[in-house]
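Please read them with the structure open.

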Amino acid sequence: MGRKFFVGGNWKCNGTTEEVKKIVSTLNEAEVPSEDVVEVVVSPPFVFLPLVKSLLRSDFNVAAQNCWVRKGGAYTGEISAEMLVNLSIPWVILGHSERRLILSEANEFVADKIAYALSQGLKVIACVGETLEQRESGSTVEVVAAQTKAIAEKVSNWSNVVLAYEPVWAIGTGKVATPAQAQEVHFELRKWLKENVSAEVAEATRIIYGGSVNGANCKVLATQPDVDGFLVGGASLKAEFVDIIKSATESS
Ligand SMILES: O=C(CO)COP(=O)(O)O
């Protein structure tokens, strides 16, 4: 069976209660391909998770944007994986570049978070991606391979992992990777998984693209053979997110 197309909406640190309700009602009214064709997961800030979960249509799911690296306890300001499980939040985004770069989350720390979240039964959207400087110096594949290797050293079961390739230079910049650029890195990531994890994991793991995806550029990106969906930032707060979900039907 092929890999089911996956569209995630990362709302980042945005929204008021009113705005959140409006986005959810737009999603609830949208006509999109069935959940056999596309898996849709939206990721509001922690404080809105219960509200979104209670209002959102049942064929879409929710994700947290982060969680603590170990069991909860005396970690002021953190949210544990156990709490997400307790609230029936099925997914969590880990290793987003905004956390790696602004909050200095290292490869190993991200990998520990991923392993712990999986051990608690959460599904993980694990993010990797290079900076502009790294791309320009020709080290893109080396950087994303090192980020993936750190994960593979701590994770043996990949069935609840979606890998998100998000080049930092494309995030929030309007500079989307070309379909060929995205395909090339996704191909390399899948090859890395095949050579270092297993052929089965490489074949089954969804590798999604993030970075300035919008209603206009999603269709051609979706046709790339190793692009299995998207992680969308800015456009996930707008009605065009529905068009991005619909691009699942372009997938080859
Ligand atoms: O970081 C992203 C999703 O996690 C991408 O953000 P933009 O779609 O706003 O570029």
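1. In which loop does S212 lie? S212 sits in the loop that runs between β7 (207–210) and α10 (218–222). Please keep in mind here and below that this is a predicted model. Phi of S212 is positive, about 60°, although S212 is not a glycine. Most residues other than glycine have a negative phi. S212 counts as buried, because 21 C-beta neighbours fall inside 10 Å and the cut-off for buried is 20 or more.

2. S104 is placed in the loop between α4 (97–102) and α5 (107–119). Is S104 buried or exposed? S104 is exposed, since 8 other C-beta atoms lie within 10 Å and 12 or fewer is the limit for that class.

3. The ligand site comes next. There are 14 residues around the ligand, and those that come nearest are N10, I171, G210, G233 and G234. By class, the shell around the ligand is made up of eight polar, five nonpolar and one charged residues.

4. Strand β4 (residues 91–94) is covered on both faces. W91 and I93 are buried on one side, and V92 and L94 are buried on the other. In a regular strand the side chains alternate between the two faces of the sheet.

5. Which strands run alongside β4? Strand β3 (residues 60–64) pairs with β4 in the parallel sense, over two bridges. In that pairing, A64 stands opposite V92. The chain gets from β3 to β4 through helix α3 (residues 81–86), and this β-α-β crossover is right-handed. Strand β5 (residues 123–128) also runs parallel to β4, and four bridges join the two. Here W91 is the residue opposite K123 of β5.

6. The largest nonpolar core has 78 residues. Those touching the most other members are V7, V92, A117, V124, I125 and A126. Helix α5 supplies the largest share of this core, with six residues. In soluble globular proteins, nonpolar side chains tend to be buried together.

7. V7 deserves a look of its own. What does V7 touch, not counting residues up to four places away in sequence? The list is V38, V40, G229, F230, V232, I244, I245 and A248.

8. V185 is part of helix α8 (residues 179–196). V185 counts as buried because 24 C-beta neighbours lie inside 10 Å, against a cut-off of 20 or more. Leaving aside neighbours within four places in sequence, V185 is in contact with T140, V141, V144 and Y165. V185 and E78 are 107 residues apart in sequence, and their C-alpha atoms are 33 Å apart in space.

9. K238 is found in the loop between β8 (229–232) and α11 (241–246).

Methods
Residues numbered from 1 in each chain as written. Predicted model: local features only at pLDDT ≥ 70, side-chain atom pairs only at ≥ 80, totals over all residues. Near = placed C-beta within 6 Å. Nonpolar A, V, L, I, M, F, W, Y, C, P; charged D, E, K, R; others polar. Core = buried A, V, L, I, M, F, W, Y, C linked by C-beta atoms within 7 Å. Contact = placed C-beta atoms within 7 Å. Pairing = 2+ DSSP bridges. Right-handed = clockwise from strand over helix to strand, strands pointing away.
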